[in-house]
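The briefing is meant to be read alongside the coordinates.

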Amino acid sequence: MKTQHPPSGTLLRRAAASGSALLLLGGLTAVPAAADEASGNTLTVAIAQQVDSFNPFTAQLAVTTNILRHVYDSLTTVDPETGEPEASLAETWEASEDGLTWTFNIRDDAYFTDGEQLTADDVAWTFNTIMENDAAAIASGNYVAGFESVTAEDPTTLVIELDEPQATMESLRVPIVPQHVWEPIIEEEGDAFSDYTADEFPTVGSGPFVLTEHSRGEHIRLEANPDHWRGAPGFDELYFRYYSEKDAAVEALRSGEVSFVYELTDAQITSLETLDDVAVNIADGKRFQAFTINPGAQTQDGEEFGNGHPALSDLTLRQAIVMGIDNDEIVQQGANGQAVAAGGYIPPRYTDFHWAPEGDEAILDFDPDAANEMLDDAGYELGDDGVRVSPDGDRLELRMHVHADRPDNVQAGQVIAERLADIGIEIDNQTVDPGILSDALYDAEYDLIFTGWTVNPDPDYVFSIHTCGSLPTEPGTMQGDAYFCDEEYDDLYAAQLAEYDREARAEIIHQLQEVLYREAVVNVLTYPNIMEAYRTDHIASIQLEPAEGGNIWGQDGYWAWWSAEPAEGAARGGGIGGSGVSSGVLIGVGAGVLVLLAAGAFFFFRRRSTVEDRE
């Protein structure tokens with residue numbers, strides 16, 4: 001039997017607040033206070049990436065999933081001290097001897113922010129909706145792929161029956177939604193549900209914060225849930241303010257306009273290290289920077305589309321491209337040393353799942369001479385202009401789409417263009433807006449394209465996006481970032497998911513990475529360090545994940561913002577015009593009584609969302 005308990009110690013130093021109640025009675029709905037009204041303590045975070053959707057069934061971008069993790073609880077979370085599975089809505093759980101029946105004991109003190117108690121019925125409905133509705137499976141479908149049935153035996157007992165063993169059963173970090181709110185939405189939206197943006201606020205969830213406002217390109221506001229079962233957050237409000245330029249965000253940190261900035265460059269970190277009232281944090285990376293090669297896009301039914309260079313279907317050319325790039329040079333030139341040169345798909349932070357090619361496996365190490373010889377032997381003749389021509393007569397001029405908003409990507413793109421010229425490949429370096437880049441990906445109108453993913457402690461999801469089943473059902477509907485389909489890979493993916501023994505599973509995951517490496521469609525360049533900074537005169541203490549040498553932004557739990565304590569005498573405000581809103585911005589019980597703020601109304605265009613920062 002596997003038993004988990006909530007973490008103790010400093011994380012539980014606060015009892016649940018007993019002051020102003022979050023849960024209102026009757027049909028009343030609280031409306032956000034005026035922007036110029038004095039606020040309680042506000043923690044302000046500088047962000048750059050636009051959210052894709054606040055629909056928890058479809059949201060994929062890291063900025064959105066980071067926010068929604070604070071709004072919706074999941075069955076389990078991650079212990080910030082150890083990285084192991086930790087209790088959340090499920091207090092304890094156990095598996096049958098054959099590993100096919102899992103029983104989760106749901107806590108009886110969790111409530112949605114409209115006053116309704118969260119029960120096993122809400123959990124069962126959430127999972128069943130993902131199982132039965134393809135449009136609801138975009139973000140979390142991999143978690144339920146092996147589920148046979150999910151039932152609520154009583155309000156606190158959830159039983160999941162599996163078709164076969166599933167290794168992710170202790171890592172079911174799927175946002176649990178209130179059935180009474182979402183069932184009518186599903187019924188109303190029908191086939192259009194995948195485009196439903198959930199842009200009505202406040203949002204009904206059970207997490208430690210309430211999503212109350214969004215103004216696209218300006219800000220996102222979350223209010224503390226003082227009645228959260230784990231205890232009230234230390235700050236009354238989280239306020240995410242958009243900055244299109246990272247240097248402007250850094251200046252805002254200097255001036256005290258914001259409390260926290262993340263994804264900094266080495267130069268920016270260096271400029272902040274000596275400042276009073278600013279602390280910098282550098283942690284091992286949990287994401288990778290990569291580029292994918294278009295091998296020829298097609299749907300699951302075999303319909304070809306896009307205009308990728310036809311020669312890229314040749315494995316020899318793809319491998320030569322990888323051999324022509326020096327990842328160590330990209331670490332130095334692109335990240336000024338604040339990264340680790342990559343080989344496998346999983347960052348070394350996850351020691352058991354990390355794999356790097358060594359010895360005979362390292363067939364694609366940087367070796368331009370060998371790459372040139374491979375291309376010569378394969379019939380790619382070098383033209384008088386120094387650019388090769390394929391055996392079919394196609395000149396090797398390749399478009400490369402690079403994120404203009406990421407300095408490390410821009411620098412890496414320049415390095416790649418220079419190195420590929422050494423093996424006779426001309427690069428059209430298209431440094432573009434993230435929306436343009438994403439359109440190119442979804443339309444398959446690219447040759448090389450920059451991408452990146454955040455990797456969770458259980459890496460199942462980032463492998464699932466490269467199975468044949470993740471190819472688009474029609475052009476523009478892909479779930480991953482590469483048009484990759486390989487039978488051996490699919491078999492290995494299924495095998496790792498069915499393996500409960502961690503050591504044996506890790507070995508299969510190593511083999512998965514070897515396939516990706518060998519096929520040279522998904523090509524990892526670096527694992528960037530996490531570089532962030534915060535004001536110590538705003539934030540007195542904050543939980544890292546993991547506790548030793550860990551990060552603040554992008555945690556797998558909500559520990560950082562939930563645990564953060566205001567500094568004594570910290571400035572109030574940080575919202576619109578320097579002020580926040582009253583921490584009494586809360587929610588009435590009526591599921592249909594949701595306030596849509598005019599300033600926060602927006603339409604999302606999923607295809608124009610950046611593909612560089614997903615989770």
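The model is predicted. The second largest pocket has a volume of about 1,200 Å³, and helix α2 gives two or more residues to its lining. The helix α2 also packs against helix α3, with the two axes 10 Å apart.

**The second largest pocket**

- Of the 46 residues that line this pocket, D134, A137, I138, T477 and Q479 are the closest to its centre.
- The elements that give two or more residues to the lining are α2 (120–132), α11 (460–464) and α12 (487–497), and α12 gives the most, with three residues.
- By residue class, the lining of the second largest pocket divides into 20 nonpolar, 18 polar and eight charged residues.

**The packing of α2 and α3**

- Helix α3 spans residues 179–189, and its axis makes an angle of about 25 degrees with that of α2.
- Angles under 35 degrees count as roughly parallel, and α2 and α3 are therefore roughly parallel to each other.
- The crossing in which α2 passes α3 is left-handed, and the contact is made by D121, D122, W125 and T129 on the α2 side and by Q179, W182, E183 and I186 on the α3 side.
- The residues of this contact between α2 and α3 divide into three nonpolar, two polar and three charged.

Technical notes: Residues are numbered from 1 along each chain as its sequence is written. This is a predicted model: local features need pLDDT of at least 70, side-chain atom pairs count only at pLDDT 80 or more; totals for chains, interfaces and linings use all residues. Side-chain values use heavy atoms; hydrogens and water are left out. On a 1 Å grid over the protein atoms alone, a cavity is a set of points where a 1.4 Å probe fits but cannot get out, and a pocket is an open set with protein on both sides within 12 Å along at least five of seven lines; lining residues have an atom within 4 Å of a point. Grid points are joined across faces, edges and corners, and a volume is the space filled by probe spheres set on the points. Helices (H or I, at least four residues) and strands (E, at least two) are DSSP runs, numbered from the N terminus. Ala, Val, Leu, Ile, Met, Phe, Trp, Tyr, Cys and Pro count as nonpolar, Asp, Glu, Lys and Arg as charged, and the others, Gly among them, as polar. Axes are lines fitted to C-alpha atoms, for helices over the stretch in contact, and angles run from 0 to 180 degrees between N-to-C directions. Angles under 35 degrees count as roughly parallel, over 145 as roughly antiparallel, 65 to 115 as roughly perpendicular and the rest as oblique. A crossing is left-handed if the near helix is turned anticlockwise from the far one by less than a right angle, and right-handed if clockwise. Contact means heavy atoms within 4.5 Å.
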